[in-house]
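Please keep the sequence and the coordinates at hand while reading.

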Amino acid sequence: MTLIIQIKSLIFSFIFGMLFALFLNLNHKLVYDVKFVVRLIFTFLYVICMSLLFFIILKRINNAIIHPYLFIAIIIGFIIADVLYDNIVKLIKK
C-alpha cells in the first residue's frame with residue numbers, strides 16, 4: 001500500500017472516530033427516555049450501520065485493508081470528539 005493511501009486511510013479513520021462519537025452522543029440524547037430494550041436495539045443498529053459504513057468507505061479508499069493504526073486513529077478521534085463535546089456543553093450551560 002502506498003504512503004498516500006495510508007495517509008488517506010488514517011485521516012478518514014480519525015474523522016470517522018470523531019463522527020462516530022458525535023452521532024453516538026446524538027443517539028444517546030434521542031433514545032435516553034425510552035425503555036432499555038429499545039435503547040439496546042437502536043444502539044446495536046447504530047453500531048452495525050456505522051461499522052458497515054466504515055468498511056464500505058474503506059473499501060473505496062484502500063480495498064478494505066485494515067491495519068491496527070486505523071483502529072487507533074478511530075479511538076483517538078473518538079476521545080478528542082468526546083472531550084470537545086463535553087467542553088462545549090459545559091460552555092453552553094454557563
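Does Asn63 count as buried or exposed, going by its relative accessibility? In this predicted model, the relative accessibility of Asn63 is 59%, and because the cut-off for an exposed residue is over 50%, Asn63 counts as exposed. Asn63 sits in the loop between α2 and α3, and its phi is near 60°, a positive value in a residue other than glycine. Ala64 is found in the loop between α2 and α3 as well, and its phi is likewise near 60°, again positive in a residue other than glycine; with a relative accessible area of 30%, however, Ala64 is partly exposed.

**Overall fold**

The protein contains three helices and zero strands, and reading along the sequence gives the pattern α-α-α. Taken along the principal axes, its C-alpha atoms fill a box of roughly 45 × 35 × 15 Å. Of the 94 residues in the protein, 21% are buried. Among the contacts with a separation of 6 or more, 78% are accounted for by residues 24 or more positions apart.

| Helix pair | Angle between axes | Distance between axes |
|---|---|---|
| α1 and α2 | about 165° | 11 Å |
| α1 and α3 | about 40° | 7 Å |

Since an angle over 145 degrees counts as roughly antiparallel, α1 and α2 are therefore roughly antiparallel to each other. The crossing in which α1 passes α2 is right-handed. On the side of α1 the contact includes Phe12, Ser13, Phe16 and Phe20, while on the side of α2 the residues include Tyr46, Met50, Phe54 and Ile57. By class, the residues of the contact of α1 with α2 divide into 16 nonpolar, five polar and one charged.

Helix α1, residues 3-30, and helix α3, residues 68-93, pack at an angle of about 40°, which makes α1 oblique to α3. Here too α1 passes its partner in a right-handed crossing. The contact of α1 with α3 has 17 nonpolar, six polar and two charged residues.

**A buried serine and an exposed lysine**

Ser13 has its place in helix α1, and because its relative accessibility is 0%, Ser13 counts as buried. Leaving aside neighbours within four places in sequence, Ser13 is in contact with Phe54, Leu70, Ala73 and Ile74.

Lys94, by contrast, lies in the segment after α3, and with a relative accessible area of 81% Lys94 is exposed. From C-alpha to C-alpha, Lys94 and Val31 are 25 Å apart in space, and in sequence they are 63 residues apart.

Technical notes: Residues are numbered from 1 along each chain as its sequence is written. This is a predicted model: local features need pLDDT of at least 70, side-chain atom pairs count only at pLDDT 80 or more; totals for chains, interfaces and linings use all residues. Side-chain values use heavy atoms; hydrogens and water are left out. Axes are lines fitted to C-alpha atoms, for helices over the stretch in contact, and angles run from 0 to 180 degrees between N-to-C directions. Helices (H or I, at least four residues) and strands (E, at least two) are DSSP runs, numbered from the N terminus. Angles under 35 degrees count as roughly parallel, over 145 as roughly antiparallel, 65 to 115 as roughly perpendicular and the rest as oblique. A crossing is left-handed if the near helix is turned anticlockwise from the far one by less than a right angle, and right-handed if clockwise. Ala, Val, Leu, Ile, Met, Phe, Trp, Tyr, Cys and Pro count as nonpolar, Asp, Glu, Lys and Arg as charged, and the others, Gly among them, as polar. Buried means under 20% relative accessible area, exposed over 50%, partly exposed in between (1.4 Å probe, protein chains only). Contact means heavy atoms within 4.5 Å.
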